[in-house]
Amino acid sequence: DLHVTEHSFPTRRSSDLDGSYVFTGVPAGNYTVTETQPNGFLDGKDSGGNSGGTVTNDRVANISLPAGESTPVTGVNFGEQLPAKLSGFVYVDAGDDGVRGAGETPIAGVTVTLSGTDNLGAPVTATTTTNAQGFYEFVGLRPGTYTVTETQPGAFNDGKDTAGTTGGNAGNDVISSITLGSGENSQNNNFGERPKTNTIAGVVFEDKDNDGVQGAGEPGIPGATVTLQGTDTNGN
């Protein structure tokens with residue numbers, strides 16, 4: 001709804017199906033047009049058009065209509081934006097390919113943090129945890145540029161992470177430079193993990209007969225240092 005005051009002619013209009021509105025038969029005077037913020041939308045940029053008025057949030061004031069004015073006042077517009085969403089999954093990447101496939105186990109209770117800057121220049125920070133399906137979601141976001149960061153679940157080894165449907169840069173436990181527009185839904189910003197199933201074990205012992213096999217009477221040697229080196233399947 002949009003309305004003006006100060007006169008007895010019709011002062012309230014609902015915008016048409018195409019979003020347009022018009023007040024007709026407005027006599028000379030000084031006016032203000034105010035928008036009632038529509039449900040389900042976030043504030044956008046407003047414009048005074050050719051009115052010469054003062055633009056503030058959801059309001060254009062000091063619109064002066066002189067007597068005998070023949071040029072219509074147009075472009076007194078109120079821009080709005082739809083909230084955006086960002087979501088993804090944390091899962092056991094059995095194929096170790098960065099692709100969440102059918103039957104790959106979800107990981108619940110993992111902390112995921114959202115950070116970034118919205119299109120008003122305001123910093124944004126939020127935190128959530130994955131549900132039983134390994135799913136997380138941030139809703140009601142203004143358009144902007146965002147980063148999601150996973151807190152590595154201790155029971156798993158790092159896997160491959162993947163930027164979602166709106167793009168971005170995937171790093172270790174982080175997906176950055178996710179750009180969201182009005183009403184955009186960024187999906188499948190996913191974090192793959194690997195189970196801690198592989199072990200390498202042995203014993204350091206006194207090999208009395210020098211055959212490489214620990215036999216009876218060949219005691220272990222405590223406090224010996226053993227070092228593991230190599231490269232995992234992610235190239236680390």
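**Sheet and pocket**

Guide: An open sheet of 5 strands runs in the order β10-β9-β12-β15-β14 with antiparallel pairing, where strands are DSSP runs (E, at least two residues) numbered from the N terminus and a pair needs at least two DSSP bridges. This is a predicted model, in which local features need pLDDT of at least 70 and side-chain atom pairs pLDDT 80 or more, while totals for chains, interfaces and linings use all residues. Residues are numbered from 1 along each chain as its sequence is written, and side-chain values use heavy atoms, without hydrogens and water.

Visitor: Why is one side of β10 and of β14 left without a neighbour in the sheet?

Guide: β10 spans 123-129 and β14 spans 169-171.

Visitor: Which residue in β12 is the bridge partner of Gly-116?

Guide: Strand β9 (residues 111-118) and strand β12 (residues 144-150) pair in the antiparallel sense over 7 bridges. In β12, the partner of Gly-116 is Tyr-146.

Visitor: Which elements give two or more residues to the lining of the second largest pocket?

Guide: That pocket holds about 290 Å³ of space, and of its 11 lining residues the closest to its centre are Asn-157, Arg-194, Asn-198, Asp-232 and Thr-233. A pocket here is an open set of points on a 1 Å grid where a 1.4 Å probe fits, with protein on both sides within 12 Å along at least five of seven lines, and lining residues have an atom within 4 Å of a point. The elements giving two or more residues are β13 (156-162) and β17 (190-195).

Conventions. Helices (H or I, at least four residues) and strands (E, at least two) are DSSP runs, numbered from the N terminus. Grid points are joined across faces, edges and corners, and a volume is the space filled by probe spheres set on the points.
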